[in-house]
Each structure stands twice: as structure tokens, then as C-alpha cells.
Amino acid sequence: MQSIFVNSIRRRQKELSKMNELVIFGVPKLTSQRRKVEIPKPAYNEVLIKVVATGLNPKDWKFVKRRDETKALNAGDDIAGIVEAVGDKVFEYKPGDRVAAFHRMGEPAGAYAEYAIAPFSTVFHLPPSISFEGGAGLPLSSMTAALALYQLLGLPLPTVPGNKDIPLLIYGGASAVGAFALQLAKLSNISPIITVAGSGIDFVESLGAATHIVDYRKGDVAAQILAALGGKKLHHAFDAISGSKSYEIISEVLVASGGGKINMVDPPEDESWTWPAGVEFSRTFVASAYGQKHAHITQEQAEKDGEFAYFFYRYLTYLLAEGKFKPHPHQVLDGGLDGVVQGVQNLHDGKVSAKKLVARIADTPGL
Ligand SMILES: NC(=O)c1ccc[n+]([C@@H]2O[C@H](COP(=O)([O-])OP(=O)(O)OC[C@H]3O[C@@H](n4cnc5c(N)ncnc54)[C@H](OP(=O)(O)O)[C@@H]3O)[C@@H](O)[C@H]2O)c1
């Protein structure tokens with residue numbers, strides 16, 4: 001009798017140590033499965049977060065498109081929620097804190113789950129004015145924009161006083177990354193800021209950051225950018241789209257300006273592409289926010305990016321609290337985690353304009 005009782009307590013304890021996570025795989029088409037796994041435990045430098053909302057990113061389909069069921073991945077990297085537990089070295093966060101965080105991409109304990117893990121350096125407090133749903137769209141895309149502008153293009157931070165007469169092109173102003181770059185460039189007092197958008201133009205206008213908005217649907221984008229420059233030279237460009245020949249258009253403008261820097265979020269689609277003389281290419285890969293090296297940066301740059309990310313996330317909390325920086329508009333998906341795979345498919349199909357797709361864990365049937 002006693003052993004039946006003890007066994008039932010053990011079973012209950014085992015159930016309590018488990019959580020739901022959603023994994024995605026891409027062969028032959030994007031598919032997801034919910035499964036029960038152990039609640040992860042934070043290492044000495046990590047934070048365990050009870051996920052309230054999670055944001056989707058185009059990289060989710062890029063990371064799973066060649067995976068079959070055996071390699072299905074919990075691909076969520078944007079976490080907004082409440083701190084559940086912290087590792088021994090973590091001093092800034094405690095259970096109960098409202099936070100957002102960037103999970104290490106491709107690793108276990110991702111954000112498409114009831115609990116997720118992030119290194120403490122990529123966790124930041126969410127001010128009371130920022131909802132979990134808004135916060136869920138911030139970590140990955142805002143960091144990509146910040147790394148590109150400040151670490152790779154070498155533009156001045158908003159903390160540097162004065163107006164900066166530095167013509168800047170942000171290609172893709174309605175995308176999450178591009179819109180965050182626009183907000184940051186405005187905070188840095190950079191001018192003129194030229195951006196390229198299409199159906200998201202109204203949203204881009206509402207940001208009040210770009211001095212010139214080029215409509216890519218009107219054709220000859222390079223000519224429109226040159227007209228917006230009005231004779232000024234362009235030496236800095238952030239290509240937040242890195243597709244649809246954006247880098248060819250940007251190169252044309254840089255060459256007409258006597259050369260300059262282009263930073264891209266993806267490598268050129270055309271593998272035979274060679275950069276014209278005077279055009280200096282760099283690539284942002286947001287994994288450097290936790291110090292991870294990649295093909296286009298040195299170990300030293302990755303380590304510096306890791307330190308930059310530590311302070312930038314904390315600065316972001318300040319900017320959000322002061323109302324100087326706003327989350328991207330968001331749309332909450334139906335069905336919580338069960339709505340994620342359709343959302344990722346919509347990102348893949350280019351059906352999402354000027355918004356972040358967000359899943360609320362509590363909306364998941366049965367949770
Ligand atoms: N390397 C990295 O570490 C890293 C990190 C983050 C993101 N990324 C990549 O960056 C890209 C953007 O990500 P995201 O999350 O910002 O995407 P997103 O918000 O889903 O982007 C959607 C937006 O892209 C705009 N767009 C599409 N084609 C365009 C074109 N030809 N010209 C101008 N704008 C265009 C659309 O603008 P309209 O609505 O105006 O048409 C749309 O609003 C993705 O490819 C993503 O994988 C890379």
C-alpha cells in the first residue's frame with residue numbers, strides 16, 4: 001500500500017519536472033510537433049525563464065528547412081516572460097522579474113516552450129510599460145540592427161552628442177530589423193536617413209525616422225535613392241533584406257558615391273557575385289551577441305560583439321522605459337504554440353508586412 005503511494009508521488013514529481021515544447025522540421029514541408037521534455041536547468045551563467053510570449057523570426061524556417069523529424073528543432077529564440085531560476089553567477093535577475101531574452105540559436109531549451117534558457121548577458125529587464133507580447137519581438141531583431149550599425153558599420157552611438165551629417169541607407173525599413181535600425185539611427189542623430197519599403201510604407205512613415213522613403217514597387221530603386229541623396233555621397237548602407245538583388249542596387253549607389261561600406265544580414269544570393277572596387281562588405285550574424293564567431297568575423301570581433309550586446313541590452317531597457325524606442329507592431333497568433341508553424345510558413349512565403357508574429361504560451365490548447 002505504502003509503495004503504491006510512494007510511486008504515485010514519484011510519478012507526480014516526474015510530471016511536474018516536465019514541460020511542453022514545440023519542435024519544427026522542414027522535410028518535406030514545414031511541420032511541427034508538441035512534445036514533453038524535462039524543464040531545463042540553468043548553468044552558472046544562465047537564466048531560466050517561464051515563457052509568456054515568444055516572437056517568430058525568418059531564421060526559424062532557415063534553420064529547419066533541411067531537417068527531418070529526427071532532427072526537429074525548438075527554433076524559438078525570442079523570449080519574453082518571468083524569471084524562474086538563475087545560475088550561481090547571475091546577480092542581476094531574480095525569480096519573478098519581467099524580462100526579455102535572446103536564446104542561443106540552434107541549441108536546446110529554445111523559446112517555443114513553457115520554459116526557456118538564455119545566457120545572462122542576453123537577458124534584459126522589460127519596463128512595466130512594455131507588454132510581454134511587444135517585448136517578445138525585441139531581442140533578436142533589435143540586436144541585429146544594433147550590431148550592424150554600431151559594431152560593423154562603425155556609426156556613432158546615440159550617446160555621442162551632436163548632429164551627424166552621415167548619409168545612411170537602411171534597405172528594408174518595414175522589416176523588424178530595418179525598422180529597429182531606423183529607430184536607432186534617428187536616436188544617433190544621423191542624417192539624412194534613406195530607406196526602402198513597399199506595402200509597409202505607412203508604418204515606416206509613422207516611425208518618423210527616415211528623411212526619405214523609396215518605394216521599391218515603383219522600380220529603379222537605385223535611381224530613386226540617388227535622387228533622394230540629392231548630390232550627397234553615400235558611404236554607409238545597411239541591407240536588412242539581403243535579397244531581391246538589394247546588394248546590387250546598393251553597390252550601384254555606393255560606386256556612384258566613390259565607394260563605401262555595405263553590411264548585410266545574409267550573404268549575396270548570387271554565389272558568383274563579386275563586389276565592385278571600393279565597396280567594402282561585412283556581414284552581421286546575431287550569434288555574435290553571445291560571442292560566437294562566424295565565417296565573416298574574427299574571434300576578436302565576436303568577443304567584442306558579446307561585450308557590446310551585454311551593454312546594449314541594458315541600454316535598450318532604458319530606451320524602452322523612457323519611451324525613446326518602441327517594439328515592432330505585433331500580431332498574436334491563434335492557438336499559441338500550435339499557431340507557430342503556420343506563422344513560420346507565412347514568414348517563409350513573404351506574407352508578413354511590418355509586424356512581428358508572436359505566440360502566447362497560455363493560448364496553447366491544453367496548457
Ligand atoms: N544575420 C542575422 O543575424 C539576421 C538576424 C535577423 C534577421 N536576419 C534576416 O534579415 C531579414 C529580415 O528579417 P526580419 O525579421 O526583419 O524580417 P521581417 O520583419 O519579417 O521582414 C518583412 C519585411 O521585409 C520587407 N521586404 C521584403 N522584401 C523587400 C524588398 N525587396 N525591399 C524592401 N523591403 C522588403 C517587407 O517590407 P514591405 O512590407 O514594405 O513590403 C516586410 O515588411 C531576414 O532575411 C532574416 O532572416 C538575419
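This report describes strand pairing and the surroundings of the ligand in a predicted model.

**Strand pairing**

Six strands make up an open sheet with parallel pairing, in the order β10-β9-β8-β11-β12-β13. The edges are formed by β10 (212-215) and β13 (279-283); each has a single partner strand, so one side of each is left without a neighbour in the sheet. On average, and with direction ignored, neighbouring strands of this sheet are turned by 20° against each other. Within β13, serine 282 stands opposite asparagine 263.

An antiparallel pair is found in β1 (residues 18-25) and β2 (residues 31-38), which are joined by eight bridges. These two strands form a hairpin, with five residues between them. Isoleucine 24 has serine 32 of β2 as its bridge partner.

**Ligand surroundings**

The ligand takes up the space of the largest pocket. Around the ligand there are 29 residues, of which Lys62, Tyr216, Val265, Val286 and Ser353 come nearest. At least two residues of the shell are supplied by each of α4 (139-152), α5 (176-187) and β9 (190-197); β9 is also a strand of the six-stranded sheet.

| Residue | Protein atom | Ligand atom | Distance |
|---|---|---|---|
| Serine 199 | polar backbone atom | oxygen | 3.3 Å |
| Threonine 284 | backbone N or O atom | nitrogen | 2.9 Å |
| Serine 353 | polar side-chain atom | oxygen | 2.5 Å |

On its own, the ligand has 940 Å² of accessible area, and the protein covers 87% of this area.

Methods. Residues are numbered from 1 along each chain as its sequence is written. This is a predicted model: local features need pLDDT of at least 70, side-chain atom pairs count only at pLDDT 80 or more; totals for chains, interfaces and linings use all residues. Side-chain values use heavy atoms; hydrogens and water are left out. Two strands pair if DSSP finds at least two bridges between them. Helices (H or I, at least four residues) and strands (E, at least two) are DSSP runs, numbered from the N terminus. Axes are lines fitted to C-alpha atoms, for helices over the stretch in contact, and angles run from 0 to 180 degrees between N-to-C directions. A residue is near a molecule or strand if one of its heavy atoms lies within 4 Å of it. A polar contact is a pair of N or O atoms within 3.5 Å; within protein, one must be able to donate a hydrogen and the other to accept it, and residues adjacent in sequence count only if both atoms are side-chain atoms. Accessible areas come from the Shrake-Rupley method with a 1.4 Å probe; for residues, only the protein chains shown count as cover. On a 1 Å grid over the protein atoms alone, a cavity is a set of points where a 1.4 Å probe fits but cannot get out, and a pocket is an open set with protein on both sides within 12 Å along at least five of seven lines; lining residues have an atom within 4 Å of a point. A molecule sits in a cavity or pocket if more than half of its atoms lie within 2 Å of its grid points.
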